[in-house]
Amino acid sequence: MSFKFAIHHKADNVGVAIEDIKAGELVAGVYIEDRSPGPSVKALEDIPLGHKIALRDIEEGEVVVKYGRPIGKATRKIRAGEHVHVHNLVSTRWNFGRR
Amino acid sequence: MRTFKGYIREDGRVGVRNYVVAIPVDDLSNTAVLGIAKLVKGVVPIPHPYGRLQFGRDLQLLFHILAGTGSNPNVAAAIVVGIDESWSNKVADMIARTGKPVEAISIEGRGDLKAIETASRKAVKLVQEASEKQRTEVDVSALTASIKCGESDTTSGLASNPALGAAVDRLIDMGATVMFGETSELTGAEDIVASRIPDPALREKFYKIYREYVSVIEAEGAEMLGSQPTEGNIKGGISTIEEKALGNIQKLGTKPITCVLDYLDPLPPGKGRLCFVNTSSAAAEFITLAAAKGSVLHFFTTGQGNVVGHPIVPVIKITANPKTAATMSEHIDVDVSDLLRLKISVAEAGERILEYAFRVMNGRLTAAEVLQHEEFSPIKLYISA
(Lines give C-alpha, C1' and ligand atoms only; values in the text may rest on other atoms or scores of the structure.)
Protein backbone atom coordinates (compact mmCIF):
# COMPACT_ATOMS: atom_id res chain seq x y z
CA MET A 1 0.00 0.00 0.00
CA SER A 2 1.40 3.41 -0.95
CA PHE A 3 1.37 6.27 1.53
CA LYS A 4 -1.51 8.70 1.13
CA PHE A 5 -0.86 11.01 4.05
CA ALA A 6 2.16 12.36 5.94
CA ILE A 7 2.67 12.97 9.65
CA HIS A 8 5.05 15.67 10.84
CA HIS A 9 5.77 14.38 14.35
CA LYS A 10 5.25 11.25 16.45
CA ALA A 11 3.09 13.24 18.89
CA ASP A 12 0.66 14.44 16.18
CA ASN A 13 -2.97 13.37 16.23
CA VAL A 14 -3.55 14.50 12.63
CA GLY A 15 -1.90 13.68 9.30
CA VAL A 16 -1.88 15.61 6.01
CA ALA A 17 -3.19 14.08 2.77
CA ILE A 18 -0.46 14.03 0.11
CA GLU A 19 -3.00 12.78 -2.43
CA ASP A 20 -6.77 13.15 -2.63
CA ILE A 21 -8.31 10.57 -0.30
CA LYS A 22 -11.79 9.10 -0.90
CA ALA A 23 -14.33 8.28 1.80
CA GLY A 24 -14.14 4.62 2.81
CA GLU A 25 -10.50 4.17 1.73
CA LEU A 26 -8.10 2.50 4.14
CA VAL A 27 -5.05 4.80 3.90
CA ALA A 28 -1.51 4.53 5.26
CA GLY A 29 0.55 7.36 6.73
CA VAL A 30 4.27 8.07 6.68
CA TYR A 31 6.34 9.98 9.23
CA ILE A 32 7.90 12.79 7.26
CA GLU A 33 11.00 13.06 9.44
CA ASP A 34 12.43 9.58 8.82
CA ARG A 35 9.95 8.32 6.22
CA SER A 36 9.03 5.37 8.42
CA PRO A 37 5.53 3.90 8.14
CA GLY A 38 2.89 5.44 10.39
CA PRO A 39 -0.63 4.38 11.33
CA SER A 40 -3.28 3.43 8.80
CA VAL A 41 -6.83 4.74 9.17
CA LYS A 42 -10.10 4.30 7.33
CA ALA A 43 -11.15 7.67 5.84
CA LEU A 44 -14.71 8.49 6.94
CA GLU A 45 -15.06 11.24 4.32
CA ASP A 46 -13.23 12.70 1.33
CA ILE A 47 -10.00 14.42 2.35
CA PRO A 48 -8.54 16.67 -0.40
CA LEU A 49 -4.77 16.88 -0.91
CA GLY A 50 -3.29 19.11 1.80
CA HIS A 51 -6.17 18.63 4.24
CA LYS A 52 -5.93 16.95 7.64
CA ILE A 53 -7.17 13.52 8.66
CA ALA A 54 -7.64 12.52 12.31
CA LEU A 55 -5.31 9.65 13.26
CA ARG A 56 -7.37 8.74 16.31
CA ASP A 57 -10.49 9.91 18.12
CA ILE A 58 -10.08 13.47 19.43
CA GLU A 59 -12.44 14.65 22.20
CA GLU A 60 -14.25 17.99 22.15
CA GLY A 61 -11.92 20.61 23.66
CA GLU A 62 -8.84 18.44 23.15
CA VAL A 63 -5.72 19.99 21.69
CA VAL A 64 -5.04 19.15 18.04
CA VAL A 65 -1.32 18.48 17.60
CA LYS A 66 0.68 18.92 14.37
CA TYR A 67 4.46 19.49 14.07
CA GLY A 68 4.43 18.15 17.66
CA ARG A 69 2.80 21.43 18.70
CA PRO A 70 -0.72 22.63 19.50
CA ILE A 71 -2.44 24.13 16.45
CA GLY A 72 -5.80 24.72 18.18
CA LYS A 73 -8.56 22.72 19.84
CA ALA A 74 -11.41 20.53 18.67
CA THR A 75 -14.83 22.21 18.83
CA ARG A 76 -16.58 18.84 18.78
CA LYS A 77 -15.66 15.18 19.02
CA ILE A 78 -13.65 14.13 15.96
CA ARG A 79 -13.48 10.43 15.05
CA ALA A 80 -10.40 8.71 13.62
CA GLY A 81 -10.51 9.11 9.81
CA GLU A 82 -12.56 12.32 9.88
CA HIS A 83 -11.60 15.50 8.03
CA VAL A 84 -10.10 18.01 10.51
CA HIS A 85 -10.52 21.62 9.44
CA VAL A 86 -12.21 24.93 10.31
CA HIS A 87 -15.56 23.19 10.94
CA ASN A 88 -14.20 21.27 13.95
CA LEU A 89 -10.90 22.99 14.86
CA VAL A 90 -10.30 26.55 16.16
CA SER A 91 -7.22 28.57 17.01
CA THR A 92 -6.57 29.08 20.72
CA ARG A 93 -4.53 32.20 19.89
CA TRP A 94 -6.81 34.13 17.53
CA ASN A 95 -10.37 33.10 18.00
CA PHE A 96 -12.16 36.36 18.63
CA GLY A 97 -15.77 35.96 19.59
CA ARG A 98 -15.80 32.18 19.17
CA ARG A 99 -13.99 31.01 22.32
CA MET B 1 33.45 28.44 -3.41
CA ARG B 2 30.34 29.27 -5.47
CA THR B 3 30.20 32.39 -7.58
CA PHE B 4 27.70 34.22 -9.73
CA LYS B 5 27.91 37.06 -12.20
CA GLY B 6 26.55 40.19 -10.59
CA TYR B 7 26.76 43.95 -10.91
CA ILE B 8 29.17 45.48 -8.39
CA ARG B 9 27.83 48.89 -7.37
CA GLU B 10 29.59 52.04 -6.20
CA ASP B 11 29.13 51.14 -2.51
CA GLY B 12 30.50 47.62 -3.04
CA ARG B 13 27.13 45.88 -2.80
CA VAL B 14 26.22 43.44 -5.58
CA GLY B 15 23.06 43.29 -7.67
CA VAL B 16 21.65 40.66 -10.02
CA ARG B 17 19.77 43.11 -12.26
CA ASN B 18 20.65 46.46 -13.82
CA TYR B 19 17.69 48.83 -13.79
CA VAL B 20 17.21 52.58 -14.14
CA VAL B 21 14.22 53.43 -11.96
CA ALA B 22 11.87 56.41 -11.81
CA ILE B 23 10.51 56.84 -8.28
CA PRO B 24 7.66 59.20 -7.35
CA VAL B 25 7.83 60.54 -3.79
CA ASP B 26 4.06 61.00 -3.74
CA ASP B 27 0.96 59.74 -5.54
CA LEU B 28 0.62 63.00 -7.52
CA SER B 29 3.90 62.29 -9.30
CA ASN B 30 2.90 58.89 -10.67
CA THR B 31 1.76 60.38 -13.98
CA ALA B 32 5.10 62.10 -14.56
CA VAL B 33 7.00 58.94 -13.72
CA LEU B 34 4.86 56.89 -16.11
CA GLY B 35 5.43 59.59 -18.74
CA ILE B 36 9.21 59.28 -18.43
CA ALA B 37 8.99 55.50 -18.77
CA LYS B 38 6.87 55.89 -21.90
CA LEU B 39 9.38 58.19 -23.58
CA VAL B 40 12.60 56.48 -22.53
CA LYS B 41 13.14 52.77 -23.08
CA GLY B 42 14.68 51.01 -20.08
CA VAL B 43 13.22 53.20 -17.34
CA VAL B 44 11.26 51.20 -14.75
CA PRO B 45 8.50 53.34 -13.19
CA ILE B 46 7.58 52.55 -9.59
CA PRO B 47 4.19 54.19 -8.94
CA HIS B 48 2.51 53.93 -5.50
CA PRO B 49 -0.41 55.60 -3.71
CA TYR B 50 1.40 57.28 -0.79
CA GLY B 51 3.31 60.35 0.38
CA ARG B 52 0.89 63.23 0.73
CA LEU B 53 0.39 64.45 4.30
CA GLN B 54 2.21 61.51 5.83
CA PHE B 55 4.20 62.47 8.91
CA GLY B 56 6.48 61.25 11.68
CA ARG B 57 7.62 57.63 11.70
CA ASP B 58 5.15 56.79 8.91
CA LEU B 59 6.75 59.34 6.58
CA GLN B 60 10.24 58.25 7.62
CA LEU B 61 9.29 54.68 6.71
CA LEU B 62 8.05 55.79 3.26
CA PHE B 63 11.34 57.63 2.64
CA HIS B 64 13.25 54.57 3.93
CA ILE B 65 11.40 52.39 1.41
CA LEU B 66 11.64 54.79 -1.56
CA ALA B 67 15.31 55.65 -0.97
CA GLY B 68 16.09 52.02 -0.17
CA THR B 69 14.52 50.92 -3.45
CA GLY B 70 16.53 53.50 -5.39
CA SER B 71 19.67 52.43 -3.50
CA ASN B 72 19.11 48.70 -4.12
CA PRO B 73 22.09 47.05 -5.86
CA ASN B 74 19.77 45.91 -8.67
CA VAL B 75 19.51 49.60 -9.62
CA ALA B 76 22.16 51.30 -11.79
CA ALA B 77 20.69 54.81 -11.52
CA ALA B 78 17.56 56.52 -10.20
CA ILE B 79 15.33 59.45 -11.05
CA VAL B 80 13.23 60.84 -8.20
CA VAL B 81 10.12 62.89 -8.98
CA GLY B 82 7.95 64.84 -6.53
CA ILE B 83 5.47 67.67 -6.54
CA ASP B 84 7.63 69.52 -3.96
CA GLU B 85 11.32 70.09 -4.55
CA SER B 86 12.30 69.40 -0.92
CA TRP B 87 10.92 65.85 -0.81
CA SER B 88 12.44 64.90 -4.20
CA ASN B 89 15.79 66.25 -3.04
CA LYS B 90 15.58 64.48 0.31
CA VAL B 91 14.99 61.03 -1.24
CA ALA B 92 17.53 61.67 -4.02
CA ASP B 93 20.15 62.71 -1.43
CA MET B 94 19.56 59.47 0.50
CA ILE B 95 20.14 57.48 -2.71
CA ALA B 96 23.20 59.58 -3.63
CA ARG B 97 24.94 58.40 -0.43
CA THR B 98 25.47 55.03 -2.16
CA GLY B 99 27.47 56.83 -4.88
CA LYS B 100 24.85 55.83 -7.46
CA PRO B 101 23.91 58.36 -10.18
CA VAL B 102 20.60 59.99 -9.20
CA GLU B 103 18.54 62.93 -10.48
CA ALA B 104 15.80 64.83 -8.62
CA ILE B 105 12.94 66.61 -10.42
CA SER B 106 10.01 68.61 -9.03
CA ILE B 107 6.72 69.28 -10.79
CA GLU B 108 5.57 72.45 -8.97
CA GLY B 109 6.31 75.54 -11.10
CA ARG B 110 6.90 73.38 -14.20
CA GLY B 111 3.87 71.18 -14.70
CA ASP B 112 3.95 67.54 -15.72
CA LEU B 113 5.04 68.07 -19.34
CA LYS B 114 8.12 70.14 -18.57
CA ALA B 115 9.03 67.85 -15.65
CA ILE B 116 8.68 64.79 -17.89
CA GLU B 117 10.80 66.41 -20.59
CA THR B 118 13.55 67.50 -18.17
CA ALA B 119 13.63 64.13 -16.42
CA SER B 120 13.51 62.21 -19.71
CA ARG B 121 16.56 64.06 -21.08
CA LYS B 122 18.47 63.01 -17.94
CA ALA B 123 17.02 59.49 -18.16
CA VAL B 124 18.34 59.01 -21.70
CA LYS B 125 21.91 59.49 -20.44
CA LEU B 126 21.40 57.32 -17.35
CA VAL B 127 19.97 54.43 -19.39
CA GLN B 128 22.79 54.63 -21.94
CA GLU B 129 25.38 54.61 -19.16
CA ALA B 130 23.65 51.71 -17.41
CA SER B 131 23.55 49.72 -20.65
CA GLU B 132 27.36 49.46 -20.59
CA LYS B 133 27.58 48.05 -17.05
CA GLN B 134 29.06 44.55 -17.11
CA ARG B 135 28.43 41.53 -14.93
CA THR B 136 31.42 40.49 -12.84
CA GLU B 137 32.19 37.15 -11.18
CA VAL B 138 31.60 37.51 -7.42
CA ASP B 139 31.44 35.16 -4.46
CA VAL B 140 27.93 34.16 -3.37
CA SER B 141 28.71 35.69 0.04
CA ALA B 142 27.94 39.02 -1.67
CA LEU B 143 24.29 37.98 -2.02
CA THR B 144 21.51 39.49 0.08
CA ALA B 145 18.26 37.59 -0.39
CA SER B 146 14.84 37.37 1.26
CA ILE B 147 12.27 34.62 1.80
CA LYS B 148 8.52 34.61 2.19
CA CYS B 149 5.66 32.20 1.51
CA GLY B 150 2.20 33.10 0.23
CA GLU B 151 -1.14 31.49 -0.57
CA SER B 152 0.36 28.78 1.60
CA ASP B 153 -1.28 25.46 2.18
CA THR B 154 -0.22 22.43 4.14
CA THR B 155 2.06 21.33 1.29
CA SER B 156 4.13 24.45 2.09
CA GLY B 157 4.81 23.29 5.64
CA LEU B 158 5.34 19.69 4.50
CA ALA B 159 7.60 20.19 1.52
CA SER B 160 8.30 23.54 -0.20
CA ASN B 161 9.20 25.38 3.02
CA PRO B 162 11.53 22.66 4.38
CA ALA B 163 13.14 22.55 0.89
CA LEU B 164 13.66 26.31 0.97
CA GLY B 165 15.01 25.97 4.53
CA ALA B 166 17.66 23.57 3.21
CA ALA B 167 18.59 26.11 0.49
CA VAL B 168 18.72 28.92 3.08
CA ASP B 169 21.09 26.88 5.26
CA ARG B 170 23.37 26.34 2.27
CA LEU B 171 23.32 30.03 1.32
CA ILE B 172 24.14 31.14 4.86
CA ASP B 173 26.97 28.58 5.08
CA MET B 174 28.35 30.17 1.91
CA GLY B 175 28.22 33.61 3.56
CA ALA B 176 25.04 35.07 2.03
CA THR B 177 22.53 37.09 4.05
CA VAL B 178 18.88 36.05 4.18
CA MET B 179 15.98 38.12 5.54
CA PHE B 180 12.61 36.83 6.70
CA GLY B 181 9.63 38.66 8.24
CA GLU B 182 5.86 38.12 8.56
CA THR B 183 5.56 39.19 12.19
CA SER B 184 1.90 38.28 12.70
CA GLU B 185 2.37 34.95 10.98
CA LEU B 186 4.77 33.72 13.66
CA THR B 187 1.88 33.45 16.13
CA GLY B 188 1.99 29.99 17.66
CA ALA B 189 5.67 29.59 16.74
CA GLU B 190 7.07 32.90 18.03
CA ASP B 191 8.78 31.12 20.94
CA ILE B 192 10.60 28.82 18.49
CA VAL B 193 11.84 31.83 16.51
CA ALA B 194 12.88 33.60 19.74
CA SER B 195 14.76 30.52 20.94
CA ARG B 196 16.90 30.73 17.79
CA ILE B 197 18.10 34.27 18.62
CA PRO B 198 21.27 33.71 20.69
CA ASP B 199 21.73 37.35 21.73
CA PRO B 200 19.46 38.13 24.73
CA ALA B 201 19.08 41.83 23.83
CA LEU B 202 18.07 40.95 20.26
CA ARG B 203 15.70 38.27 21.57
CA GLU B 204 14.02 40.87 23.78
CA LYS B 205 13.84 43.27 20.81
CA PHE B 206 12.13 40.53 18.78
CA TYR B 207 9.57 39.86 21.52
CA LYS B 208 8.86 43.59 21.88
CA ILE B 209 8.30 43.97 18.12
CA TYR B 210 6.12 40.83 18.05
CA ARG B 211 3.99 41.87 21.03
CA GLU B 212 3.45 45.41 19.70
CA TYR B 213 2.45 44.10 16.28
CA VAL B 214 0.05 41.50 17.56
CA SER B 215 -1.50 43.87 20.13
CA VAL B 216 -2.71 46.05 17.22
CA ILE B 217 -4.44 43.03 15.65
CA GLU B 218 -5.88 41.80 18.95
CA ALA B 219 -7.13 45.27 19.88
CA GLU B 220 -9.43 45.15 16.84
CA GLY B 221 -11.01 41.98 18.23
CA ALA B 222 -12.02 41.03 14.70
CA GLU B 223 -12.61 37.54 13.40
CA MET B 224 -9.29 36.71 11.72
CA LEU B 225 -10.42 33.59 9.87
CA GLY B 226 -10.34 34.53 6.18
CA SER B 227 -7.51 37.02 6.75
CA GLN B 228 -5.03 35.03 8.84
CA PRO B 229 -5.27 32.31 7.64
CA THR B 230 -6.52 33.65 4.28
CA GLU B 231 -9.32 32.07 2.24
CA GLY B 232 -6.63 30.54 0.01
CA ASN B 233 -4.84 29.07 3.02
CA ILE B 234 -8.11 27.57 4.27
CA LYS B 235 -8.89 26.13 0.84
CA GLY B 236 -5.48 24.47 0.98
CA GLY B 237 -6.18 22.86 4.35
CA ILE B 238 -4.69 25.33 6.86
CA SER B 239 -7.15 25.74 9.74
CA THR B 240 -5.51 28.08 12.28
CA ILE B 241 -2.82 30.74 12.65
CA GLU B 242 -0.75 28.35 14.78
CA GLU B 243 -0.75 25.76 12.00
CA LYS B 244 0.16 28.42 9.44
CA ALA B 245 3.02 29.75 11.60
CA LEU B 246 4.49 26.29 12.25
CA GLY B 247 4.44 25.66 8.50
CA ASN B 248 5.86 29.11 7.80
CA ILE B 249 8.97 28.70 9.97
CA GLN B 250 9.97 25.49 8.17
CA LYS B 251 11.57 27.73 5.54
CA LEU B 252 13.94 29.39 8.02
CA GLY B 253 16.38 26.48 7.96
CA THR B 254 18.41 25.81 11.07
CA LYS B 255 20.86 28.71 11.45
CA PRO B 256 20.83 31.13 14.40
CA ILE B 257 19.01 34.44 13.89
CA THR B 258 21.68 37.08 14.40
CA CYS B 259 19.91 40.31 13.48
CA VAL B 260 16.51 41.69 14.35
CA LEU B 261 15.38 44.71 12.35
CA ASP B 262 12.43 46.99 13.04
CA TYR B 263 10.81 48.84 10.13
CA LEU B 264 13.35 51.65 9.96
CA ASP B 265 16.51 49.74 10.87
CA PRO B 266 18.95 49.40 7.95
CA LEU B 267 20.54 46.01 7.33
CA PRO B 268 23.97 46.26 9.00
CA PRO B 269 26.97 45.15 6.95
CA GLY B 270 28.05 41.55 7.53
CA LYS B 271 28.08 38.04 6.09
CA GLY B 272 26.28 34.76 6.61
CA ARG B 273 23.32 36.04 8.57
CA LEU B 274 19.68 35.12 9.04
CA CYS B 275 17.78 38.34 9.83
CA PHE B 276 14.27 38.92 11.13
CA VAL B 277 12.58 42.01 9.63
CA ASN B 278 9.39 43.39 11.20
CA THR B 279 6.72 43.38 8.47
CA SER B 280 3.18 42.54 7.69
CA SER B 281 2.62 39.10 6.21
CA ALA B 282 1.25 40.53 2.95
CA ALA B 283 3.47 39.33 0.11
CA ALA B 284 4.05 42.61 -1.74
CA GLU B 285 4.59 44.58 1.50
CA PHE B 286 7.28 42.18 2.69
CA ILE B 287 9.13 41.98 -0.63
CA THR B 288 8.96 45.78 -0.96
CA LEU B 289 10.49 46.34 2.49
CA ALA B 290 13.12 43.60 2.08
CA ALA B 291 14.13 45.11 -1.28
CA ALA B 292 14.44 48.52 0.40
CA LYS B 293 16.78 46.94 2.95
CA GLY B 294 18.94 45.54 0.14
CA SER B 295 17.49 42.16 -0.89
CA VAL B 296 18.33 41.55 -4.56
CA LEU B 297 16.66 38.15 -4.88
CA HIS B 298 13.46 36.81 -3.33
CA PHE B 299 12.48 33.19 -2.75
CA PHE B 300 8.72 32.68 -2.60
CA THR B 301 7.10 29.38 -1.74
CA THR B 302 3.43 28.94 -2.52
CA GLY B 303 0.83 26.26 -1.96
CA GLN B 304 -2.37 27.32 -3.70
CA GLY B 305 -0.51 29.69 -6.05
CA ASN B 306 0.51 33.32 -5.66
CA VAL B 307 1.54 35.59 -8.53
CA VAL B 308 3.47 38.35 -6.72
CA GLY B 309 6.53 40.02 -8.24
CA HIS B 310 8.50 43.23 -7.67
CA PRO B 311 9.66 46.00 -10.03
CA ILE B 312 13.39 45.42 -9.45
CA VAL B 313 13.76 42.16 -7.50
CA PRO B 314 13.42 38.76 -9.20
CA VAL B 315 10.95 36.60 -7.28
CA ILE B 316 11.53 32.86 -7.57
CA LYS B 317 8.27 30.91 -7.11
CA ILE B 318 8.48 27.46 -5.63
CA THR B 319 5.64 25.01 -5.06
CA ALA B 320 5.32 21.44 -3.80
CA ASN B 321 1.62 21.22 -4.64
CA PRO B 322 1.32 19.18 -7.87
CA LYS B 323 -2.13 20.67 -8.61
CA THR B 324 -0.75 24.22 -8.38
CA ALA B 325 2.32 23.27 -10.42
CA ALA B 326 -0.10 22.12 -13.14
CA THR B 327 -2.83 24.78 -12.97
CA MET B 328 -0.49 27.77 -12.52
CA SER B 329 2.51 26.41 -14.38
CA GLU B 330 3.45 29.72 -15.99
CA HIS B 331 3.98 31.21 -12.51
CA ILE B 332 6.06 28.39 -11.04
CA ASP B 333 9.85 28.54 -11.38
CA VAL B 334 10.74 25.51 -9.28
CA ASP B 335 8.46 22.49 -8.85
CA VAL B 336 9.39 20.42 -5.79
CA SER B 337 6.24 18.27 -5.78
CA ASP B 338 8.56 15.26 -6.05
CA LEU B 339 9.33 15.95 -2.40
CA LEU B 340 5.64 15.80 -1.48
CA ARG B 341 5.47 12.46 -3.32
CA LEU B 342 8.50 11.29 -1.28
CA LYS B 343 10.52 10.75 -4.48
CA ILE B 344 13.38 13.06 -3.45
CA SER B 345 14.90 14.17 -0.14
CA VAL B 346 14.58 17.61 1.45
CA ALA B 347 18.27 18.21 0.69
CA GLU B 348 17.74 17.32 -2.99
CA ALA B 349 14.74 19.66 -3.20
CA GLY B 350 16.84 22.41 -1.57
CA GLU B 351 19.57 21.81 -4.14
CA ARG B 352 16.99 22.12 -6.95
CA ILE B 353 15.98 25.54 -5.60
CA LEU B 354 19.59 26.63 -5.20
CA GLU B 355 20.58 25.60 -8.72
CA TYR B 356 17.68 27.58 -10.13
CA ALA B 357 18.61 30.59 -7.97
CA PHE B 358 22.11 30.66 -9.46
CA ARG B 359 20.61 30.74 -12.95
CA VAL B 360 18.41 33.69 -11.94
CA MET B 361 21.35 35.44 -10.27
CA ASN B 362 23.27 35.05 -13.54
CA GLY B 363 20.46 36.66 -15.53
CA ARG B 364 17.68 34.17 -16.23
CA LEU B 365 14.32 35.92 -15.90
CA THR B 366 11.83 34.52 -13.38
CA ALA B 367 8.18 33.80 -14.20
CA ALA B 368 7.12 36.94 -12.32
CA GLU B 369 9.56 39.07 -14.34
CA VAL B 370 8.43 37.67 -17.69
CA LEU B 371 4.76 38.02 -16.71
CA GLN B 372 5.43 41.65 -15.66
CA HIS B 373 4.39 41.27 -12.04
CA GLU B 374 5.74 44.48 -10.51
CA GLU B 375 3.93 44.88 -7.20
CA PHE B 376 5.33 47.69 -5.09
CA SER B 377 3.56 48.17 -1.75
CA PRO B 378 5.11 50.49 0.83
CA ILE B 379 3.96 49.69 4.38
CA LYS B 380 1.83 52.43 5.92
CA LEU B 381 1.79 52.66 9.71
CA TYR B 382 -1.10 55.00 10.43
CA ILE B 383 -3.43 57.70 9.12
CA SER B 384 -2.17 60.71 7.17
CA ALA B 385 -2.56 64.18 8.65
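1. Which residues does B:Leu143 touch, not counting residues up to four places away in sequence? In this predicted model, the partners of B:Leu143 are B:Phe4, B:Leu171, B:Ala176, B:Thr177, B:Val296, B:Leu297 and B:Met361.

2. The largest nonpolar core comprises 120 residues, and B:Leu143 belongs, together with B:Leu297 and B:Phe299, to those that have the most contacts inside it. At least three residues of this core come from each of two domains of chain B, namely domain 1 (19-130) and domain 2 (138-370). As general background, nonpolar side chains in soluble globular proteins tend to be buried together.

3. For residues 6-131 of chain B, an unreviewed UniProt entry lists "domain: D-galactarate/Altronate dehydratase second", and this label should be read as coming from that record.

4. Between the two chains, 30 residues of chain A are in contact with 42 residues of chain B. The area buried between chain A and chain B is about 2900 Å², and carbon and sulfur atoms give 60% of that area.

5. Charged pairs also occur between the chains, where five salt bridges are counted between chain A and chain B. A salt bridge joins A:Arg69 to B:Asp191, and the closest N and O atoms of this pair are 2.8 Å apart.

Key
Residues numbered from 1 in each chain as written. Chains lettered and ligands numbered in written order. Predicted model: local features only at pLDDT ≥ 70, side-chain atom pairs only at ≥ 80, totals over all residues. Heavy atoms only, no water. UniProt positions renumbered as here; feature names shortened; annotations may be inferred. Core = buried A, V, L, I, M, F, W, Y, C linked by side-chain atoms within 4.5 Å. Buried < 20%, exposed > 50% of the residue type's maximum accessible area, 1.4 Å probe, protein only. Domains from an automatic or database assignment. Contact = heavy atoms within 4.5 Å. Buried area = accessible area lost by both parts, 1.4 Å probe. Salt bridge = Lys/Arg side-chain N within 4 Å of Asp/Glu carboxyl O.
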